[in-house]
Every structure is written in C-alpha cells, then in structure tokens.
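Here's a quick briefing to read with the model open beside you.

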Amino acid sequence: MNYKLLAERLLPGEYPALETFEEKYPPRNLPPKAEVTRLAPSPTGFIHLGNLFAAIANERIAHRSGGVLYLRIEDTDLKRKVDGAVEAVIKALDYFDIRFDEGAEIGGDETYAPWYQRQRAEIYRAYVKHLIEEGRAYPCFCTEEQLSALRETQTEKKEITGYYGKYARCRDLSEAEIYENLDAGKPFVIRLRSLGNPENKIKFRDAVKGEITVTENDQDVVILKSDGIPTYHFAHAIDDHFMRTTIVIRGEEWLASLPIHLELFDALGFQRPRYGHNCSLMKQDGETRRKLSKRKDPELSLEFYRKAGYFPRAVKVYMFTLLNSNFEEWYLKNPEAELNEFPYKVEKMGKSGALFDLDKLNDISKNELSRLSAEEMAHFLKAWAEEFGTEAEKGYFADEEKLLKVLALCMGIGGKKRRKDFTTASQAMKFMEYFFTRTPREDEYRVDEETKNAILHDFLATYSYGDDAQAWFAKVKELAGAHGFATDMKDYKANPQNYKGSVADVAEILRIATTGKANTPDLWTIMQILGEKEIRERIENA
RNA sequence: GGCCUUGUGGUCAAGCGGUUAAGACGGCGCCCUCUCACGGCGCAAUCCCGGGUUCGAUUCCCGGCAAGGUCACCA
C-alpha cells in the first residue's frame, strides 16, 4: 500500500515539515529543576473542588521549582463549550490565589501559544499525516451503529470491548477498499495502528503512586475525529510535548488511559513527560463511598463555598491538608508562615481517595477567620454581603465604626481571647444580627413571667451605662441576691436547693431580653455597643 | 467481566521489621466561666482476612476479600 498517497488523499495539502514545529516550540529555557505544569480544563465553565485540588498541586509544583504553570483549553469537543467559561475558570482560581504564568485569555509568553486546542489543528494534522505515511495510522469507516454492535457482541462473548486485533475491521482494509469508501464520500476517523500487546506488562514510575504496573495498549484508538479535530489523547501528546510540560498531575481517572498515552508518545517519537495521578475526593453515600459528583453534590462546586461565604484561604488550607500529608503538622508549627512557604512535595501526595470532611473544613474555617483583623474581617464580610447578603445585611456596613466594634467583640480582636463563633460569612452575618436589628426572641425565659419582669425592672432601676464591667456585674449579682438567686456559683453548685437559681440565670434573663438569645458573647460589652437608649427600649419591651 | 489503583481509630493520617502504633477533625467527660465561643486537661476508638519469610511482622512476599477508577468520534 502506498501510505504516502493515502495520507495525501486523507489530509490533502502542504503541511510544515515536522522539524519546524520542534523549532517553533523549542525546549523552555528554564533552570534545571524547574517544572512546567498545566491545567487543561474543557470549557464547560464548571470548575469544582477536584479541579481546585489538581490546580493547587500543579501550581505548587511549578512555582516552587521556579517553573511555569499554564492554562490550556481542551475544546476539542464542541458540545462542551460554554461562553465565558475560560474567564470563569481564571476568576474562580484567582479567588484561591492561583495565578497562571501563561495561557488562554492570560497571555504571557506567546512562544507556546495558542492555548486553545481548536487553534492548533495544523500541528495535530501534520502529525496525523505523518503517522499515516508511516503506516502507524489508518482511516476507519465504521459507523456508530457498527461500533455499538461490535461492543454488544464483545460483551456477550465476555471479551474485552473495543477496537483492537481481529475486531479492528478497518485496520486491514485493502487499498482498493479504502479508496472505494473514500470515493463514496463515507466519513472516516483516523485510528492509531497499535503495536502493543496486553500480555506485556510495563513497570511504570508514577510520581505520586510510585511503582505501578500498566498493561500495554492494544486499542486502535481514534486520534482524529471525523470533523478533523483530534481526540483528547492525541492532543495531549502533541500539546504536552510542544508546550514542554515536564510533569502532568491529573486525576487518577486518567490512569486507565495511560497506556494509550505512552504508546502515543512513543509513536510520535516524543519524550514522555512524568506523570502523577492524584486521588479523587470521595463522599460517603450510604454504605459505600464514591467520587464526588457534579449532579448530586453541591459541595463539589466551588460556587457553593463562595455563596456560603467560606474564606478562600480556609478552603485552600483544607485542600493542602489532603494534598500533602505533612502539611498539617507544618502549619501547626508555622502558623504565621505564608502558605506558599510550605515545602510541597509530589511524593507526599496521598495515594488513596480521601473522604471529603465538612467538619474538618469548618474547623479550619473557624481558625482561619479568627486570624483576621477586624478590618480584614469587615472587608471580607462586606464583599460577601454585597454579592450574597440580604438588604438588611448590606445595611450593617453603613455604620463602619459600629461594625468594627461588633467584630472586635465577636472575635475578641484586641482582647486576650479570640472567639471562634462562625465558620462562614453567612454565619457571621447571622451572628451579628441582633446588634443591628431587634430580632425575634430565639430562646425562651426559664423563669415565670412575674420573676422575669421584676428582675428586668430592678435591673433598669440601677443600670448606669457608665459602669465598667466589674461594677456592672456587681450590680447583677446584687440583683440576683435580692431575688433569691445565688451570687456565688460555687455555693450554688454545692447547695442548689437553697436558691431559685444563680447569677447565671439572672444574666440569661438580661441576655434574652437584650439580644433574644440565651447564648452570646459578653453581655456588658454588648450593652456598651448598643448604647443606653437602645438597651432601655429593648428591656422595657421584652 | 477485563485491566489498573487503594486498604492503619468514625474521618484525614504518621509510620518503612522490635513503638505504650504520633498528630489533627469529630465524639464523650472534666476544668475555666454570668451563658456561649475560646482555651486547658483527659477518655474511648485503628493496623481488611488467611497463609508464608523472620527470633519477631502494621511494616516484606503470596493468595483472598473489600472499595474505587476505567473500558466513547467526552475530556
């Protein structure tokens, strides 16, 4: 068979000599240990935790080594395209401090552009043509129906499904048959003529999994679709070669197609990049666990965290704890250090899929939020409220002085003890609510109406806004004693039968009367912020 | 089903032939305390199973089992 002629018929026209691509996209001029990594999403615009997980890994590996992180868009499947998706991806990752050095819609060094695969058609086709000329690729005229029929019979016979060996019908088409099909105008795809044998096991060193065994590929996979666009596998080989990727960190769902990629790199005569397959995030689902799924699990979406008002750094810290097993210990020892100072190691990446643990994230969130200054917290909350808050909540930011006071109180900023009352911005807004509006009573008084009224009345009678915390509490104690409540907690615990209750119960009445809640931060401070007029009004109406 | 990966408390995990098997989250209890939150102290809870190798296996080997992934002209 004259492959040269066939190639010309299949992909007519002049293509640049292959060496010109090598020259056009030369090896990068980087320090010896620098790694080039990438993120290669398809333009669906949906970016999720799994993406972020991989993004952080790739970003750290590139930037810690003085290398490059770039963004490539895998838009070979038109069905997946969504407008504005690329910007959405960039924005979403930027929220977590992940910046690309170059890539689609980013620019940077243009040497390795374009970053949209659809714009790289010429390169792919040149190589496909070359493969055809070498007899390593061939046209396949099988229809979708034929292919699914094939799959069915294979399944029935309990054989491995796919296009390989004796089932690769078009592989051994005669020259005459091929031209006959072509002349008839039948659509075709180009398949790789695989030379592999699944009996052969290859030892492969995965950067995160370590030594693994892979089975040689024998599938004649499609490399060029009937629309003239390459499949992912082929584009991956070409692009990661010419964009000079040194290491590919991707989800372990790709492990199964690794044999294909290895064969492709070899067939093209390219040096393979290193690969690291990281585990996927799992979720407990009844008895079993499964991969977090886009349809069932809202917490997979990054948007979920933004809406709820999780602090971006908190999500990132959580990702780090899952990504590198020694991160948590390091962070405990270096609480003041920048996240980027952490010595990220590919070898420290987990080998098994971790269950996504919201409790853990929440704990981290509390801690991260408690590290903020009042100003930083105000800034964060304001940005959140503007986008997601209610009208009332937006109003909290009108009186900045008061807001900062509230925050200082809520978080104990400036004081001896930090409070950790909330994990998200939306919780924080709820937490601060009673400072800004009179909220409906959430907790009920645990004393009868008469006692309550008497206590509130007497409290107001002696209340003085100018009292300091100690003087204030002394009065509360006095009030407690006058109404038959214990003033000393120890004594109360020893002899509860002697009293109607304790100062704690009296304080609770005052607390509910002013805030509507039985549990709040320090009452005296709250009263100081609210102001005398407001306190009196609230208590009188309680 | 074939192929691949993984298997230490409820969760994330350290561990690399000899340990009282770290630590964190969660749970429980106590202390602090006007409530809550914070903080401090403490408790319970783990090496998937079966064979080897070895004086000794969580650790090495083999075999099961279980879980996950993947088998497209999607990525």
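This is a predicted model: local features need pLDDT of at least 70, side-chain atom pairs count only at pLDDT 80 or more; totals for chains, interfaces and linings use all residues.

On naming, residues are numbered from 1 along each chain as its sequence is written, while chains are lettered from A and ligands numbered from 1 in the order in which they are written.

**Overall chain**

- Chain A has 23 helices and 14 strands; these are DSSP runs numbered from the N terminus, with helices being H or I of at least four residues and strands being E of at least two.
- The radius of gyration of chain A is 33 Å, whereas a compact globule of 542 residues would sit near 24 Å. The radius is taken over C-alpha atoms, and the globule rule is 2.2 Å times the number of residues to the power 0.38.
- Along its principal axes, the C-alpha trace of chain A spans about 110 × 50 × 40 Å.
- Of the 542 residues in chain A, 31% are buried. Here buried means 20 or more other C-beta atoms within 10 Å of the residue's own, exposed means 12 or fewer, and partly exposed is in between, with C-beta atoms placed from the backbone.
- Among contacts in chain A with a separation of 6 or more, 74% are between residues 24 or more positions apart. A contact is two C-beta atoms, placed from the backbone, within 7 Å.

**Surface near RNA strand B**

- RNA strand B is surrounded by 67 residues, and the closest are Glu74, Gly350, Ser352, Ala504 and Ala507. A residue is near the strand if its C-beta atom, placed from the backbone, lies within 6 Å of it.
- Elements giving two or more residues to this surface include helix H6 (144-156), strand S12 (288-291), helix H11 (312-323), helix H13 (358-370), helix H21 (503-515) and helix H22 (523-530).
- Strand S7 gives the most, with five residues.
- By class, the surface near RNA strand B has 27 charged, 22 nonpolar and 18 polar residues. Asp, Glu, Lys and Arg count as charged; Ala, Val, Leu, Ile, Met, Phe, Trp, Tyr, Cys and Pro as nonpolar; and the others, Gly among them, as polar.

**The parallel sheet**

- S1-S2-S3 is the order of an open sheet of three strands with parallel pairing; strands pair if DSSP finds at least two bridges between them.
- Its edge strands are S1 (36-39) and S3 (102-103), each of which pairs on one side only.
- S1 and S2 (residues 68-71) are joined by four bridges, and Val36 stands opposite Val68 in S2.
- Helix H3 (residues 49-64) lies across S1 and S2 and runs at about 155° to S1. Axes are lines fitted to C-alpha atoms, for helices over the stretch in contact, and angles run from 0 to 180 degrees between N-to-C directions.

**The antiparallel sheet**

- Another open sheet of three strands has the order S4-S5-S8, with antiparallel pairing. The twist averages 45° from one strand to the next.
- S4 (residues 137-140) and S5 (residues 189-192) pair over four bridges, whereas two bridges join S5 to S8 (residues 222-224).
- Arg191 in S5 is opposite Tyr138, and its bridge partner in S8 is Val222.
- Cys140 has Val189 in S5 as its bridge partner.
- Helix H5 (residues 121-133) lies across S4, S5 and S8, at about 100° to S4.

**Backbone details in loops**

- The peptide bond from Ala113 to Pro114 is cis, with omega near -5°; Pro114 lies in the loop between S3 and H5.
- Glu105 is in the loop between S3 and H5 and has a positive phi of about 60° although it is not a glycine.
- Arg244 has a positive phi near 60° and is found in the loop between helix H8 (232-242) and strand S9 (247-251). Arg244 counts as partly exposed because 19 other C-beta atoms lie within 10 Å.

**Distances to check**

- Glu478, in helix H19 (residues 469-482), is 468 residues from Leu10 in sequence and 97 Å from Leu10 in space, C-alpha to C-alpha.
- Asn340 and Lys316 are 24 residues apart along the chain, with their C-alpha atoms separated by 11 Å.
- Asn340 has 11 C-beta neighbours inside 10 Å, so Asn340 counts as exposed.
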